[in-house]
2 protein chains.
Amino acid sequence: MSNPSPPRVHPLSQLSANEIRRSSVLVRALHPPEFGLDFKSITLNEPNKKLVLEFLDAEHSRRPTPPVIDRESIVSYYVKGNEQPYEALLNVTKDTVVYNRQLGPNVHGRPDELEIEAVKKLVLEDSNVNEEIRNLGIDDMSLVVCAVWIYGTDATNNYRRMFQCYLYLRDPGNPSELDSNYYAFPLPISPVVEAVGQRIIRIDRLPTGADRTLKPGEQYKPPPPNEYMPQYQTLRKDLKPLIVIQPDGASFEIGEESGSQTLKWQKWYFRINFNGREGMMLYDVRYDGRPLFYRISLSELNVSYADPRNPFHRKCAFDLGDHGAGYSANNLKLGCDCLGAIYYLSAYLSTGDGDVMLKENCICIHEQDNGIGWKHTNPRTGNAGITRNRELVLQSIITLNNYDYVFAFVFNQAGEISYEVRATGILSTQPIDKDISVPWGTFMHPGVLASHHQHFFSLRLDPMIDGIQNRVVYEEALGIPRSDFNLHGTGYYTEETAIYKSGGFDLDSSKGRVFKIQNSQVLNPVNKEPVGYKVVVPDFQKIIADPGSYNYKRTPFADHNIYVTKYKKNELYAAGRYTNQSRGGDGLRTWANRKDKVVNEDIVIWIQFAINHIPRVEDFPVMPCDTLRVCLKPVNFFDKNPALDVPPPTQERNGSCTLS
Amino acid sequence: MSNPSPPRVHPLSQLSANEIRRSSVLVRALHPPEFGLDFKSITLNEPNKKLVLEFLDAEHSRRPTPPVIDRESIVSYYVKGNEQPYEALLNVTKDTVVYNRQLGPNVHGRPDELEIEAVKKLVLEDSNVNEEIRNLGIDDMSLVVCAVWIYGTDATNNYRRMFQCYLYLRDPGNPSELDSNYYAFPLPISPVVEAVGQRIIRIDRLPTGADRTLKPGEQYKPPPPNEYMPQYQTLRKDLKPLIVIQPDGASFEIGEESGSQTLKWQKWYFRINFNGREGMMLYDVRYDGRPLFYRISLSELNVSYADPRNPFHRKCAFDLGDHGAGYSANNLKLGCDCLGAIYYLSAYLSTGDGDVMLKENCICIHEQDNGIGWKHTNPRTGNAGITRNRELVLQSIITLNNYDYVFAFVFNQAGEISYEVRATGILSTQPIDKDISVPWGTFMHPGVLASHHQHFFSLRLDPMIDGIQNRVVYEEALGIPRSDFNLHGTGYYTEETAIYKSGGFDLDSSKGRVFKIQNSQVLNPVNKEPVGYKVVVPDFQKIIADPGSYNYKRTPFADHNIYVTKYKKNELYAAGRYTNQSRGGDGLRTWANRKDKVVNEDIVIWIQFAINHIPRVEDFPVMPCDTLRVCLKPVNFFDKNPALDVPPPTQERNGSCTLS
């Protein structure tokens, strides 16, 4: 038994290119060779947490790590011609199939990149579509752009996997410009494609007035163009360069390992990963050796639109579950243009034909200065103690048809972790008649309506604050009743309430309610309070669609600021694993309804935040970033301000200069 | 009549050094020369808005400006030995007194810098105080530090002007260190000084347990020190330099005028001013020539504490009205350490003896990069349009005993103005016995309690969005009832409600309520909606002190997110002009209760935001910045994204580099 030991693979590393390929080979072997397979995703099935925790414990205490934990992949795929997808769990260490099953009715896989291209081609080459386009008065089919949307769900017969395609025109006055903003030219017809048969089953006419009236036969009159690319602007000339120089390089260190990377920066340590669905994610987040989070990732992002008219009532996209933040990631090196010293990471993802694509530069890492970190001037001596707030940023940017999102994990020196989202890109537009206004959308440009829509984000935190047994409490500030003790009615106090059963919970600014994640077994050495982190997150308007609607049923996280559940393997995605045309019933609300004990247990916290986007003219032709931040701040976790030892800034070191 | 014309003075310029000195000379002449006078403030009385608007109109249309508007100052002062202050309005162009009056009972002026020093000396040299200190077991009086606090208000006989002094110790183990953090050594006695008589009327014993019990005779046992200055830290060594270089200088232009400065940056134009009370303020804010705001300033900042026990129930400080953001401003050149190319402004303020002090470098101005401004990647071509978000920052930092605030106006290229507050510095501490915990504060360090407290900020906006007649509306997003039209329950719409009568109004996240300032007479050329700006501000816990309490009565702005009033001259400060020991009745609630018509009128919007600071151990010995931001964003004000013409970033221009 003197086989060479296998190469070291960290149990939390994403699948290697080889593991992805072996997975598709294993799956292909389950079916006759003449069957065509469409691979929807091939991704790591994370090992049992107990085994990983043992591994991490050994790793961090520099003991020999346990033997390699078997590597598993989970594969979502279709057999061509079949309405229902398959799911296979594979052991890619032993090349064995743990299970392979076809999933029940109304479960649909995500569209993959090959399928999207095939649908576009089908639509744009279809003779009926071509005829409808000509009927609109458009002769040049090469100007037509097809945006393939998920079909969504309504109460009617959509048990089949379908696509709703919205059509746009590149500027007909400038036909050679491939980067024309076609969202300024939305066409009033929308072909519907049936996925299995790869055929157009109907062409919807879009309502363009203030009611449901359709106007077939009406010609399309293109408005003036509204371009966002720089070659179409008179660029301002008075912006002088601002250059960030890091002469000694960056302050972080990346540990090179295949499949995942560790990062060390300013007492922080964590492992970076990237998969097709969640995109950038973090494992094993520690500060100064103390464990904080087992896993952090964005778990879902839903966008639901306000226009109640067919087919817009079905515009309800799961940008992670239906599309995938990893699959949609930008190549940042080509357009990120961060400042300073930048490190790029790339990742392997699966393709629609079971092969491997390299997502180049899908994460960029850099430091930034975010102003003053802390300051105090002693008014008696005039002497100031001051530090600046240096931040570490891990950024990933995704594009989903029209919209773009900038996602970032931001770490600072005061023990804080933020998750920042910048919503940008172009609104999903639809045609509207001249001089019309409707209360569910904004008239953005002649012929262009942008409907209101809600973006719901769910950030999943799997905490291990000084250990895996944690709890969530909420603190409220309440007035002390008048008495001899509170003679003047000015006193108030705080009260902590522990959450005992899994469920959904809400902010309440009238009570100053704050949620904290605590380890009640570990007390702060100074004040004997449980160590913890608090969640600082803006409140949001919960889902407006009514509780009987599919939008409500399908987004079982858009109704509460915070959910707390007991950890259960594979409960990773707030709206469930299969979101495409889902009908609800899976996901967070269902899991929370188990009413599991969640105090001093292995728990998961789901933080929701949202934008109710009521478009403004300023959001066109491309929208300035709308920024949201969730911040996790230590509360009685440290024994003093953890940024106390940050060196003070000096003019020599900063190289700043005075203007006069 | 060929007198030389007087030097040009802009009507919105602050008082010159000469005007301040002439004011005190004019006031001295009103009293017999042997009377001693204490000057509390000498500040500009702004001219009638109508006259100023005519002036601005001429100025911006490059017509000759109207003749110089008479300059007026408003002087708050005491005749020594008198309980009630005087207020004089002076014409300093003509050297005449418009009025001079002694104010009624229970009106008290602010402490000035000379008075504060006198009270410190009185307390530290007082034999009874010295004896009490010795009784605590402290021999070295030179270690004792006296923090002079306003007295506050309760129902008892405090018609006299008084000070509550809190005593601390510099580290007795390190007596030569003048920058020792004395807030780690709070003493349990608190002398009360009567201002007019300049005498100590009693020495309060502070409660140190969990109830009201006092423990006279108990010795003070100093805890270990807890220092924040860098010389007491083992500084981290792994932070590499990050340098901002602006090789061509900054992109803004300052117009040099005595008394105020104009600033032009990226289509923005405004006038910067600085006074003793509000500190940094802006007048005549315009974008691309279009008027937006006549005046913007922080109008008040109150901090009210939770401990109901004597004397802490009176800890309720008006940091602007009692102290003044201008008088408390830091010299930034000595410790600001902004990055890049920095411009500093200085200002003249009055002193306690009617003379002039130069507040050097009380405002710093610089540009910063705040990440991606907008981005879209065309998934069909892979080409990205992108800009970075360059910001202009005007920063002022104030120190009030223990606390420090970083205030900043932040402008960007998308037509947005933000007001940012970073709360930092040291908590106001009080003594606490060993192993005690109380629900109205946090045990921070042995012997050190930090009580909970609420910070309430009120930002005053005097808008002139495309003209002086404006209105405030609130927009809500509401579900469309189920019907044939909203068949699937997914639809929603927005509704705007105009505010007709002055009053206080609240956010309501359940309706997605957003407040907008509009000019209903000017319609957006694209969609014919009124041009406007929306207010993006975080919700907060309203004042917890009960409505019968003085804390509640004295802070008539801490109960609503937004107030809208009709403009009235001299209604500038949310809690009224005289806040020291005020008893309520003046200020925002009173003005709003006039129920003036505020639609299509000259109106004022007051935006409240707050921190309920429940201290964490991490906030000691100095607290990491807690940041709040109010943002004003255009809504249908422009005809497209105003940042569209920002040049795209390029690697050559940014000088960024790739790590590997």
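Two strands count as paired if DSSP finds at least two bridges between them, and the strands themselves (E, at least two residues), like the helices (H or I, at least four), are DSSP runs numbered from the N terminus. This is a predicted model, in which local features need pLDDT of at least 70, side-chain atom pairs count only at pLDDT 80 or more, and totals for chains, interfaces and linings use all residues. Residues are numbered from 1 along each chain as its sequence is written, chains are lettered from A and ligands numbered from 1 in the order in which they are written, and side-chain values use heavy atoms, with hydrogens and water left out.

Begin in chain B by selecting residues 514-523, strand β28, together with residues 530-536, strand β29, with which β28(B) pairs in the antiparallel sense over six bridges. Within this pair, B:Gln518 stands opposite B:Gly532. The two strands form a hairpin with six residues between them, and B:Lys528 in the turn has a positive phi of about 60 degrees.

Then move to the open sheet of three strands in chain B, ordered β21-β23-β22 with antiparallel pairing. Strands β21 (429-431) and β22 (441-445) of chain B stand at the edges, each with a single partner strand, so one side of each is left without a neighbour in the sheet. Select residues 448-451, strand β23, to find the three bridges to β21(B), where B:Gln430 stands opposite B:Leu449.
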